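Student: I would like to learn how to read side-chain contacts in a model like this one. Could we go through them together?

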Amino acid sequence: MRKCSAAFYIALGVSDLGCYIKYITSGLNAICEWKGNVSTSYTLYTKQRKCSCVAVHQKDKIWTSNYFLVVLNWNMTAHVIGTSKDQPSCTYKNFSGIPSMMTMCGPHSKITYKRSSGYLTVWVEWGNDSNYIKNFLVKYREFNTTRWKEQQSENSKECVLLNLTPSLPYELQTQCVPIKDCAQCPLSKVIMVPPELTDAPSIQLEIQDHMQNLSISPGQRKVVVKWEYANSEAVDNYNVTVRKVSGESSNRDSFITENSSLTLILSYSAYNISIRALNSAGSSPVSSIAIEQMDEWRDSFGPFTVNITSNSSFSLSWSSSVSSVCYSVEWWAKGQIPAFRRFYRKQTHKEKTEKTKSSTITFHSPLINFQPYTRYYFFLHVRPYKDTCNMKNVNDSETTYGLAQTYFTEGSPISAPGNVSILNITQHSSVITWSPVSEEDLRGFLLGYYIYLTEDNNETSFEVDPSVNSFELQNLESNSAYRVQLSAFTAAGEGERSDSKHFVTNLPDFTALNSIIAAVVVGIIILLLAVHFSFRLLHRAKKLLWPSIPNPENSNAVQKIEIAYELGILEPLNRQRLEESEGCDSSTVCVVGSKREASPLSSPPTTLLLSEDEDSPSIPEEITPPDIPTQVPTREPVITNLNKTDSILSASLDEEVTTFESKDPGETVSNTTELDFIRTSQPAVVFMSDYTTMEIFQQVTMTGIQGPSIQAVKPGLVAVHPGQDYVRQSYFLQEIVKESPGAFNSIDVLNSEITVL
């Protein structure tokens with residue numbers, strides 16, 4: 001057999017030639033595979049003891065031979081011959097090997113997986129190799145990463161991968177673990193595992209009935225279910241399940257859709273709708289929503305009545321004009337799961353000929369257990385097609401014909417209307433409001449309410465329609481007290497009365513007007529008081545935050561001191577003159593004087609004669625006495641130390657001095673008369689305070705220290721310390737004050753002597 005060149009072999013497209021042994025039902029068989037061109041015809045020749053030709057076939061550019069028998073312990077050789085119209089055929093490379101070392105297991109024939117809570121469970125089926133494979137490996141990695149991880153299974157069917165990131169997709173491959181019976185274990189193709197679906201879809205409902213959309217048939221509702229999922233890219237489709245709350249089954253109550261909405265046509269029964277997202281790795285948590293039954297009275301319902309004959313039977317009556325042959329009846333009480341009974345009924349010949357107006361059917365069952373004083377609701381559904389009696393499709397398969405409510409046994413209410421209130425009280429009317437009695441306490445069909453109105457032990461009752469919860473009482477007396485009670489009643493009788501509510505109608509209008517005026521006046525008074533106290537608070541706040549600067553004239557320190565006498569009073573304090581004239585001790589002044597009697601309530605007039613120096617004449621001044629002079633006892637002479645300034649000044653101002661002794665011995669000042677004095681407008685009495693005491697003391701001290709230099713000032717003005725302005729200000733004020741007339745009513749001067757010791 002002629003061999004071709006390598007270039008020709010490549011042109012034929014033969015590559016990756018391999019042969020191996022597979023386990024099949026009939027035993028061990030050999031098979032060869034290679035890659036080649038689709039346009040080229042290939043022939044496989046095998047040789048063990050003899051040469052044989054094996055047929056081949058192609059799929060996806062992979063050429064595979066049929067199974068052929070081999071001897072396990074003998075060497076086998078395989079050759080591939082390619083045929084082309086453009087080039088001569090030839091063979092090139094052969095394959096050789098011992099079949100016992102060529103056994104291959106895998107790859108898997110089927111693989112499934114599921115993700116949940118960070119786990120990935122892989123289930124593998126190996127086909128004919130399952131009896132020889134003991135374990136297998138799973139290689140996995142996060143999508144778009146390069147690092148592979150490996151996990152070995154504990155058996156040949158299942159492997160669990162732990163600690164995966166739920167939100168990330170993964171890639172995986174499987175292969176068996178090589179053993180003697182499975183010498184070769186090729187890797188499977190890469191399988192993409194989508195992310196885990198951890199969230200439940202969010203659902204919204206849009207419901208319309210015949211009253212809202214006339215295109216919908218009476219007794220049916222159009223329900224549009226919409227939902228959303230956060231990671232919608234990881235979802236392949238959604239599973240929507242619609243089931244009746246009563247538990248009535250349907251042949252088709254589940255829908256698979258790739259959309260995020262579904263439109264349903266349903267009856268007035270109660271339904272449960274559940275939705276979950278799906279992908280190849282599993283499903284999301286289920287999200288459910290309930291559609292309540294429409295238990296409201298509607299005019300569109302047909303005539304339908306129910307009679308409970310016993311605690312285990314009831315009968316139905318409806319119009320026989322309905323052409324349906326399949327029916328379903330549901331009944332329930334508040335808080336109970338509905339029960340159902342479907343039935344088939346065909347109109348009889350008599351009903352057709354006599355045109356009976358109604359159809360009646362009675363049900364008996366020991367499983368039915370009706371309770372007294374409990375309200376039951378009944379639905380009658382019609383199914384227009386015979387093959388839908390068993391609900392083959394929950395969507396658009398039935399229509400609600402009628403709704404009825406009934407009791408097995410009625411009773412009177414066991415409670416009264418609640419929340420009774422009296423509103424809008426006027427002079428002659430008021431409004432009563434209340435809340436209805438609960439269905440459990442009503443124990444029958446409400447027929448109305450009784451309102452009891454009592455005034456001065458006279459009771460009046462009113463009957464009110466059951467559909468209202470308020471009533472206006474009219475024609476009441478003004479300024480009168482009333483009491484109100486309410487009760488509900490059914491066919492079995494009247495129930496409990498509510499607690500009494502008391503109210504008083506308003507006074508006549510004029511009294512109300514007076515009350516309004518009084519309220520306005522009180523309000524104005526309160527406002528004025530508030531403004532007054534506000535101003536006082538503001539004034540106090542101003543005094544605290546911005547205090548006024550004191551006026552020296554108004555200070556207690558400023559006294560009305562007669563400046564004309566100041567030099568005379570202070571002159572003997574000159575230390576030098578005291579030493580020259582008298583030779584006395586320089587620290588003392590001796591004052592000898594007499595004092596007139598004065599009224600205890602007023603200070604006596606005082607006359608002081610002071611000489612400024614030896615040569616200058618004395619300047620007498622007179623001080624205006626009070627209108628009614630009184631006698632003051634004569635005081636004894638007082639000798640006081642100069643340091644005790646307050647006592648000296650007080651004595652000087654309280655005494656009248658009428659005579660002086662001259663500086664020279666034997667020289668005496670003559671007696672003075674009223675004309676010799678100068679009248680002053682202010683009394684010479686100085687009311688001492690802390691400030692005046694210090695001021696006069698400092699003036700005396702400065703006069704005694706400075707000596708003759710101070711005497712040069714204006715007569716009658718005592719030089720003081722520059723910083724002490726209170727006395728000086730008082731002096732200037734006295735100069736501009738006019739003299740008061742009638743300073744003295746009479747001349748009553750006591751001669752006094754001031755002796756300088």
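Student: Are W34 and Y42 buried or exposed?

Tutor: This is a predicted model, in which local features need pLDDT of at least 70 and side-chain atom pairs count only at pLDDT 80 or more, while totals for chains, interfaces and linings use all residues. Residues are numbered from 1 along each chain as its sequence is written, and side-chain values use heavy atoms, with hydrogens and water left out. Buried means under 20% relative accessible area, exposed over 50% and partly exposed in between, with a 1.4 Å probe and protein chains only; both W34 and Y42 are buried.

Student: How is a pair of aromatic rings described?

Tutor: It is described by the distance of the centres and the angle of the planes. Rings of Phe, Tyr and Trp (its six-membered ring) pair if their centres lie within 6.5 Å, and planes under 30 degrees apart count as stacked, over 60 as edge-to-face and the rest as tilted. A search of the whole structure finds 24 aromatic pairs. Among them, W34 and Y42 are edge-to-face, at 6.0 Å centre to centre with 70° between the planes, whereas W332 and Y377 are stacked, at 5.7 Å and 15°.

Student: Which parts does the pair of W332 and Y377 tie together?

Tutor: Strands are DSSP runs (E, at least two residues), numbered from the N terminus. W332 lies in strand 26 (residues 326-333) and Y377 in strand 29 (residues 375-383), so the pair ties together parts that are 45 residues apart in sequence. Both W332 and Y377 are buried.

Student: Where does the charged end of R497 sit?

Tutor: A charge sits over a ring if NZ of Lys or CZ of Arg is within 6 Å of the ring centre and within 35 degrees of the ring normal. The charged end of R497 sits over the ring of Y452, 3.4 Å from its centre, and R443 lies over the face of Y373, at 4.4 Å from the ring centre.

Student: How many disulfides does the count come to?

Tutor: A disulfide is a pair of cysteine sulfur atoms within 2.5 Å, and by this rule the count comes to three. One of the links joins C19 to C32, with an S to S distance of 1.9 Å, and it is right-handed, with 105° about the S-S bond. In contrast, the torsion about the S-S bond of C176 and C185 is about -100°, so that disulfide is left-handed.

Definitions and conventions: Helix = DSSP H or I, 4+ residues; strand = E, 2+ residues; numbered from the N terminus.
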